[in-house]
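Please read the briefing below alongside the sequence and the model.

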Amino acid sequence: MKRFANLLKKEIKELVTKQLIISLVFTVILFQFIGQVSKKEVQKAVGDQTISALDQDGSAASKALIQGLESARFKVLDQSGKTKEEALATAKAGESKLLLVIPKGFGDSLAGLKPSEIETYSFMRSFSLIGTRGQVVVQSVISALNEALSNNFLKQRLPDFDPQSLKRPIKSKDFVVVQDKMAEGSANMVAGLISQQSLLIPVVLMMIVIYSSQMVISAVAMEKQNKTLETLLTVPIKRTSIITAKMLAAGLVGLISAAVYMLGFQGFMGGIGEEAAKAGAQVGGPAIMRQLGLYFDTTGYIVLGLSLFLAILVALALAMILGVLAEDFRSAQNMIMPLMFMVMIPYFISLFADINSVSLPVKILILIIPFSHPFLVSQNLYLGNYGMIAAGLAYMLIVFGVLVVLAARIFSTDKILTMKLSFGKKKGATA
Amino acid sequence: MSNVLTVRGLKKSYGAQHALAGIDFEVRAGEVFALIGPNGAGKTTTLRIVATLLTSTDGEITFLDHDHCKEPDFVREKISYLPEEAGAYKDMKGLDYLHFMAAFYARTPEEEKEFVDRAVAITELGDRLKTKVGTYSKGMTRKLLLARALMTKPVLAILDEPTSGLDVLNALEVREIVRRYVKEGTSVLLSSHNMLEIEFLSDRVALINKGLILDTGTPDELKDKHQAKNLEEVFRSSLR
């Protein structure tokens, strides 16, 4: 145990370098900085927007339109009395995101039940999604006004009828059923909330797996490159202890690094997410999710944690074998590629498709990849597919066992010194 | 004199390539036994097998009356190995490296200190041991590694080309260190293609070529037998 602790201490010291600490601190600061900048932009986008309005009509209807915009948190700069060109130039030179031109005759057309036109000129000073949000809100105000005006017309002409019933004779009341639970709400909203809830799982997994694996592969490759491996293999410590110490050190440092990165990432997402959520919160979302049982209880979190932990172990064991194949630090960088692909395939499929609904051969291929299972855990937990979860966990455990035995076997035989995969070089056995 | 190591019919193949074709030799307690031969003769392979790094294809090795193959953990407790192109952890300070290696062998903190003190004395690097290994010259690194190999007073020190790449003065110092430690009870199995070095260091010599031992004896015995002035001539004669 003392020998193992001695080796583990050395492995951790080797991994926790000044460069790593600087890189972690820099990343967190960068994420926080971007988060704060984005937060301000989102605040600007969802807060009071400055627009200019040229009311050439001056009717009650045009004034109502401008009042409607003001009540929708728009700061409206009045350009009355100017020509369209003058108003455009003034609005463009100022802060206005948009110029609204209400032409003469707007009120009369409305009164005569004729389509009335207004013109909007959006000033695109940036091409970010947040930057173009102003026009989206204006459009929604216009459609709200359209709704109000058409209701008024219908009331005037058909006072005995409810305008809503006339415009939308068919009404739908949406319910979502999950397993044996039912709640009122749209399936789109539920799907959106689920994807929000499980957004962090693949990101966390990707980061830890890639980070820790890179460390293990590099640790073995560096021992080879610095010619320290031969000496280490002849000291009185079990080969399995060498493997375990390297894996444990990389796992621990990988986990801590991932936690720090996640903290930074949370700061980044929090910056955008909080304000955006305030702007577009889906009322009753969490309540519906609870009603449908689509949330993690303690057991759920434990199962998810176990699944992530097993995936990390599998990655570390695989990285250990890949590290043996690497000749030096440079080739170790190439060795990480197969591992990255194995994590990215289920990640991207989970982003764009439902793993459960793809064709059978593709499904088998995905399920063979051990890293697919943590992506499936949350879905299967929600849907009560406990058999699938148990099978996934068992599969990862078996894969881990096989890989550890294989790694131990490689470390206990000549292969640790003779196995190599060169990139662009001739293969050669150790003499 | 009892044998520390006995090797019988040792063979090693990499596929169709035979690195060792069946060699026999023994290392006696308190002696320096050298394997000499050209590059690719099988010296390093032999040393790596004895150091438990490689497994043999055939043959028997007995180390202190223990089966070398079946008890590698026992062997590793009693030997130390200095590979030809060995390195130390570059980001570690010299002293930390010695402590790190000593901790694998020492049973108590006192013993660890004893090992490290001995290594510090061998290296004669003084305050430079407080600096990172990455800043050392080749000679300094080699002395550090040799000190690491000898600090535990192993039963058998396996030294592969111990003076490889060193200048004359550094090589001389390394040879003197090895000789001094043999007097303190450590047996040495070393390899070299430097015949003069072998003549200075070794009690007995085995001439190896193409995986076969051609002749074994003390340098004087071999020189008499082959009527040669030095081991280089002995080697040339034994090849005929």
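In which sense do β7(B) and β8(B) pair, and over how many bridges? The two strands pair in the parallel sense over five bridges, where strands count as paired if DSSP finds at least two bridges between them. This is a predicted model, in which local features need pLDDT of at least 70 and side-chain atom pairs count only at pLDDT 80 or more, while totals for chains, interfaces and linings use all residues. Residues are numbered from 1 along each chain as its sequence is written, and chains are lettered from A and ligands numbered from 1 in the order in which they are written. Helices (H or I, at least four residues) and strands (E, at least two) are DSSP runs, numbered from the N terminus.

**The six-stranded sheet of chain B**

- Six strands of chain B form an open sheet with mixed pairing, in the order β6-β7-β8-β3-β9-β10.
- The edges of this sheet are β6 (79-82) and β10 (212-217) of chain B, each of which pairs on one side only.
- On average, neighbouring strands of the sheet are turned by 15° against each other, direction ignored; axes here are lines fitted to C-alpha atoms, for helices over the stretch in contact, and angles run from 0 to 180 degrees between N-to-C directions.
- Helix α9 (residues 231-239) of chain B packs on the sheet, where it touches β3, β9 (204-209) and β10 of chain B, and its direction makes about 45° with that of β9(B); residues are in contact if their C-beta atoms, placed from the backbone, lie within 7 Å.
- Strand β3 (residues 32-36) of chain B pairs with strand β8 (residues 187-192) of chain B in the parallel sense over five bridges, and I36(B) has S192(B) as its bridge partner in β8(B).

**Strand β7 of chain B**

- All five residues of strand β7 (residues 156-160) of chain B are buried, meaning that 20 or more other C-beta atoms lie within 10 Å of a residue's own, whereas 12 or fewer make a residue exposed and counts in between make it partly exposed, with C-beta atoms placed from the backbone.
- The cover extends to both faces of β7(B), with L156(B), I158(B) and D160(B) buried on one side and A157(B) and L159(B) buried on the other.
- β6(B) and β7(B) run parallel and are joined by four bridges, with A157(B) in β7(B) as the bridge partner of S80(B).
- A157(B) also stands opposite V188(B) in β8(B).

**The four-stranded sheet of chain B**

- A further open sheet has four strands in the order β2-β1-β4-β5 (chain B), with antiparallel pairing.
- Because β2 (17-28) and β5 (66-67) of chain B stand at the edges with a single partner strand each, one side of each is left without a neighbour in the sheet.
- Strand β4 (residues 58-63) of chain B and β5(B) pair in the antiparallel sense over two bridges, and T62(B) stands opposite D67(B) in β5(B).
- Helix α1(B) lies across β1 (3-14), β2 and β4 of chain B and runs at about 120° to β1(B).

**The contact between the chains**

- The contact takes 27 residues from chain B and 19 residues from chain A.
- On the side of chain B that touches chain A, α1 (43-50), α2 (72-78) and α3 of chain B each supply at least two residues, and α3(B) gives the most, with five residues.
- The buried residues of α3(B), among them Y97(B), F100(B) and M101(B), pack against α1 (2-15) of chain A together with α4 (109-123) and α5 (138-150) of chain B.
- A86(B), in the loop between β6 and α3 (94-105) of chain B, is buried, with 22 other C-beta atoms within 10 Å.
- Not counting residues up to four places away in sequence, A86(B) touches K227(A), E230(A), T231(A) and L145(B).

**Helix α3 of chain A**

- Helix α3 (residues 60-71) of chain A has 12 residues and reaches 16 Å from its first C-alpha to its last, close to the 16 Å expected at 1.5 Å a residue, the expected span being 1.5 Å times one less than the number of residues.
- The buried residues of α3(A) are S62(A), L65(A) and L69(A); seen down the helix axis, they fall within an arc of 55°, so they line one face of α3(A), the arc being that of the directions from the helix axis to the C-beta atoms.
- On the other side of α3(A), A60(A), Q67(A) and S71(A) are exposed.

How values were computed
Contact = placed C-beta atoms within 7 Å.
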